[in-house]
Protein chains: 2
Amino acid sequence: MDDRSSHGAVLTRRRAATIQDVADAAGVSRAAVSKVIRNAYGVSEQMRTRVEAAIERLDYHPRVAARVMRGSSFTLGLEIPQIGNDFHSTIAAAATDVLAATPYQLVIAPIRDPQQGDRALQSLVDRQVDGIIAVAPLVSGDWLDDLAGRVPVVMVGRHDESTEYDTVAGDDEAGAEQVMEHLVELGHRRIAFLDVDRSRRAGGKPFISPTGRDPHSIRRRVYYEHMGALGLPPLVVEAHGHMEEDAAAAVVPLLAAPSRPTAIFAGHDMLAVGALRAVAGAGLDARDVSVAGFDDIPIASHPLISLTSVDQQGYAIGREAVRLLLERIGGRTDAVRMVMPVTLRVRGSTAPPRDS
Amino acid sequence: MDDRSSHGAVLTRRRAATIQDVADAAGVSRAAVSKVIRNAYGVSEQMRTRVEAAIERLDYHPRVAARVMRGSSFTLGLEIPQIGNDFHSTIAAAATDVLAATPYQLVIAPIRDPQQGDRALQSLVDRQVDGIIAVAPLVSGDWLDDLAGRVPVVMVGRHDESTEYDTVAGDDEAGAEQVMEHLVELGHRRIAFLDVDRSRRAGGKPFISPTGRDPHSIRRRVYYEHMGALGLPPLVVEAHGHMEEDAAAAVVPLLAAPSRPTAIFAGHDMLAVGALRAVAGAGLDARDVSVAGFDDIPIASHPLISLTSVDQQGYAIGREAVRLLLERIGGRTDAVRMVMPVTLRVRGSTAPPRDS
DNA sequence: ATGAAAGCGCTAACAA
DNA sequence: TTGTTAGCGCTTTCAT
């Protein structure tokens, strides 16, 4: 008889087996069961067999929370600043693939707005994950140093010099340079830069990176430098939001301007695809307004999109981030800084301007 | 002095404050602190002030694991069968938005292959989440009934009759019918169906839904029924994998066939976009081979893609799923079944066949 | 209004 | 090789 049977309208919830239940069923001690499930040293063949049979019979699954109280959670946390951005999905996919062969489970703490990065990171810390991989360009380095003092951390897409955590990033400088050289070589002079949303929010510990070492600040800086070197007036527009549609909305007025740009360098591919939405929506093509992006997300290679973009090897970035994190959990304490080489994928979205 | 200072190469990890530290700092009992952080009844204004100051000073954050041992985790789990599918991202985005105004934190258990659904679900159970939302078409209903007996569950995209869990799904039958009627009306007769990967894997508790009540089985059945009613020979091809590129690979041979189909009904939009990749890659357009999909993912409305698709209101599905889950956590025990109405978004990817 | 103390399920140090 | 036991950080009666 279940002693937690329903009383009135209260829902019956069966109690799942605990390690004590397994121990009783197998006629051994809790410690013995614990050793079996952890593959620890000092269990006879007979003991193992009996215990495993009981585990199977009772469908026993150790509670992660109880394990956490005594040690590790075998959980790794991934924080990505925007669910739905395919570059971030790729990193998550790579991490999931790599971890499939390990005892670690990945959990993703999703946020809708990069500004909430610290909240998501804190929630992972509160859950005592064994390690954290984060794409959080806007969180302050000091805060991260503090975080990394509590739990192993690998940051993606940052170029910090921290000694507390590892970084894996694409070569943003080289990538942006290749884009600018490509556009200039095609004959473009009126080149606009489509930047991420940098509007600030009130409150909270996080703040806009003041270092200028986040990917988007670097890409924009390279843009400014190239325009300056050529004596061309820069034109930066900011998307208000992080979705593809937000980028399109920001580009529409650009296209209506009297002397509209002949090329747009978008800070990342979601923005670039949005820019293409505006360009195509206005009945224009690459000869009118070329568009180049960054990340080389899967849709960029689609023949109907054919977006020129900087491939920064997102899958490899995710894979290496996990590898570094596992190393760090394994005991490494010196910081590693990885910069992935980039390749410009030239496609149909960039072409010589019609009037050149 | 930190009594856990580094010894040799061992990394120093600062011990985070516990409820006891806060209690000591404020000169009160642990119970008092607990009451303050839970906003429980019976704390004087003075007590609250003192405790909150100590919490602030020590940067105290309650450990979720310890709370779980005594009650709830204030964590909800979302399982999605494929990271990188924009329909699933939309559901995750909706869930994140709704939960932002609640004390619950969402964690996503990502998988790469729908067949691993039960592993991800089990991992959420092991973490004692307070509720689960899952998009898991292939997990058996019995297993889910069992799961739902342990934790509140809302399933997305299932049309089960279970009394143990709620379901939220689009109207797959109506959606598929609208697609078929649209294609037939345009004059198509050689219509192919591009199905999801149904190859089986060995082992594990999950198995292919034998009920035929999962969305893709329904969409395919409707396709068969319409083709049969018109006396047309059905042609079903299966993608080997779940990525857009896998769909393109499956479609390429179709296009090379002597009497190729004039239209392709893809089981979901990622497959449809892949089909468009193959069609455009072969230098064909909608007059040669029309393509229609299901889900109306954001890229479908992009003018360069312009994919005809069934809008099943993914965002609303995610929102309602969370709402139902919170209701269930709040005590509701009777099962709710929601079917979201669908709308066919007719766009440029479907057109009358050239030779009609 | 406040505090003392039991106990959630597990691991690890130690004893047998 | 196996079992006993302390204790992780919190919530929750139950006294005071």
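How many residues of chain A are in contact with chain B? In this predicted model, 50 residues of chain A are in contact with 50 residues of chain B. On the chain A side, the elements that give two or more residues to the contact with chain B are helix H4 (64-70), helix H5 (86-99), strand S2 (105-110), helix H6 (117-126) and helix H11 (269-281). By residue class, this side of chain A consists of 27 nonpolar, 12 polar and 11 charged residues.

The secondary structure of chain A comprises 12 helices and 12 strands. The chain has a radius of gyration of 26 Å, whereas the globule rule gives 21 Å for 356 residues; the computed value is well over that figure, so chain A is more spread out than a compact globule. The C-alpha trace of chain A spans about 85 × 50 × 40 Å along its principal axes.

The domain assignment divides chain A into domain 1 (3-62), domain 2 (70-169 + 314-340) and domain 3 (172-312). Taken over C-alpha atoms, the centres of domain 1 and domain 2 of chain A are separated by 34 Å.

Burial and contact range were also computed for chain A. Of its 356 residues, 48% are buried. Among the contacts in chain A with a separation of 6 or more, 69% are between residues 24 or more positions apart.

Methods. Residues are numbered from 1 along each chain as its sequence is written. Chains are lettered from A and ligands numbered from 1 in the order in which they are written. This is a predicted model: local features need pLDDT of at least 70, side-chain atom pairs count only at pLDDT 80 or more; totals for chains, interfaces and linings use all residues. Two residues are in contact if their C-beta atoms, placed from the backbone, lie within 7 Å. Helices (H or I, at least four residues) and strands (E, at least two) are DSSP runs, numbered from the N terminus. Ala, Val, Leu, Ile, Met, Phe, Trp, Tyr, Cys and Pro count as nonpolar, Asp, Glu, Lys and Arg as charged, and the others, Gly among them, as polar. The radius of gyration is taken over C-alpha atoms; the globule rule is 2.2 Å times the number of residues to the power 0.38. A residue is buried if 20 or more other C-beta atoms lie within 10 Å of its own, exposed if 12 or fewer, and partly exposed in between; C-beta atoms are placed from the backbone. Domain bounds come from an automatic or database domain assignment.
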